[in-house]
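Here are my notes for a colleague who is opening this structure without having seen it before. Please read them with the structure in view, taking the points in order.

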Amino acid sequence: GTATVKASYTEGGVTKTTTKSVSITTPVSKPTITTQPKSQTVTEGSSVTLSVTATGTATLKYQWKKNGTAISGATSSSYKISSVKSSDAGSYTVTVSNSAGSVTSSTATLTVNAAVEISSVTINGNASVNVGSTATYTCTVKYSNGTSKTVTPTWSISAGGTYASITSAGVLTGKAAGTATVKASYTEGGQTKVVTKSVTVN
């Protein structure tokens with residue numbers, strides 16, 4: 001801002017007054033990065049956010065770069081990729097600047113793993129059960145990379161509810177003679193697979 005300095009002097013009955021304007025400025029400090037962006041490993045299709053924390057005299061400006069090239073529109077303290085692609089893998093930095101200068105962050109490496117798709121879902125268990133008896137069913141998921149694992153799906157009886165019931169743990173109880181359809185629904189990584197199995201209740 002501006003301050004006015006006033007001087008008043010009297011001598012021999014005469015008073016003289018004079019003023020002087022003085023500009024007061026705030027020192028501008030160069031940006032300093034206090035929290036560096038971190039390297040991350042993500043799977044294709046997921047989201048990722050790179051962020052930086054910096055101090056310094058406002059207004060701070062940001063510019064994110066990938067492999068040394070400025071990213072269009074990436075001009076805030078964080079940079080988000082909503083759906084990561086394999087081409088997004090690379091080295092990321094951000095330059096923070098103001099009127100006093102600029103500083104560039106350390107490099108954050110983004111590693112992108114290929115998405116693994118669900119190839120199949122299988123219901124394991126007896127094809128028949130006696131009235132009044134129980135049977136436990138499990139569910140196996142196989143993936144496009146050749147791996148598999150046992151999972152806990154959402155169990156239900158999609159048809160023949162009169163003949164059997166099933167719990168969330170996959171325990172089926174035979175209620176009356178007939179055929180019931182056991183349904184397993186499993187969701188992972190945005191993929192949902194549904195499989196059924198016919199069970200005869202004797």
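1. In this predicted model, strand S15, which covers residues 134–136, is joined to strand S20 by three bridges, and the two strands run antiparallel. Within this pairing, the residue of S20 that stands opposite Thr136 is Val171.

2. Strand S20 is also joined to strand S19 (residues 164–166), again by three bridges and in an antiparallel arrangement. Here Ala164 has Gly174 of S20 as its bridge partner. S19 and S20 make up a hairpin with four residues between them, and in the turn Gly170 has a positive phi of about 85°.

3. Which residues of S20 belong to the covered face, and which to the uncovered one? In a regular strand, side chains alternate between the two faces of the sheet. In S20, which spans residues 171–174, Leu172 and Gly174 form the covered face, while Val171 and Thr173 form the uncovered one.

4. A search for aromatic pairs across the whole structure finds one. Because Tyr79 lies in strand S9 (residues 78–81) and Tyr92 in strand S10 (residues 90–98), the pair ties together parts that are 13 residues apart in sequence. Tyr79 and Tyr92 are both buried.

5. The structure holds one salt bridge. It is formed by Lys149 and Glu188, whose closest N and O atoms are 3.8 Å apart. Since Lys149 belongs to strand S17 (residues 148–151) and Glu188 to strand S21 (residues 178–188), the pair ties together parts that are 39 residues apart in sequence. Lys149 is partly exposed, with a relative accessibility of 38%, and Glu188 is likewise partly exposed, with a relative accessible area of 26%.

6. Finally, there is a nonpolar patch on the surface, formed by Val5, Val22 and Ile24, which together have about 240 Å² of accessible area. One of these residues, Ile24, lies in the loop between strand S2 (14–23) and strand S3 (32–35). Ile24 has a relative accessible area of 53% and therefore counts as exposed, the cut-off for that class being over 50%.

Conventions. Residues numbered from 1 in each chain as written. Predicted model: local features only at pLDDT ≥ 70, side-chain atom pairs only at ≥ 80, totals over all residues. Heavy atoms only, no water. Patch = residues over 30% accessible without salt bridge, like charges linked within 9 Å, V, L, I, M, F, W, Y side chains within 5 Å. Areas by Shrake-Rupley, 256 points an atom, 1.4 Å probe, with all protein chains shown as cover. Salt bridge = Lys/Arg side-chain N within 4 Å of Asp/Glu carboxyl O. Buried < 20%, exposed > 50% of the residue type's maximum accessible area, 1.4 Å probe, protein only. Pairing = 2+ DSSP bridges. Phe/Tyr/Trp six-rings, centres within 6.5 Å; stacked < 30°, edge-to-face > 60°.
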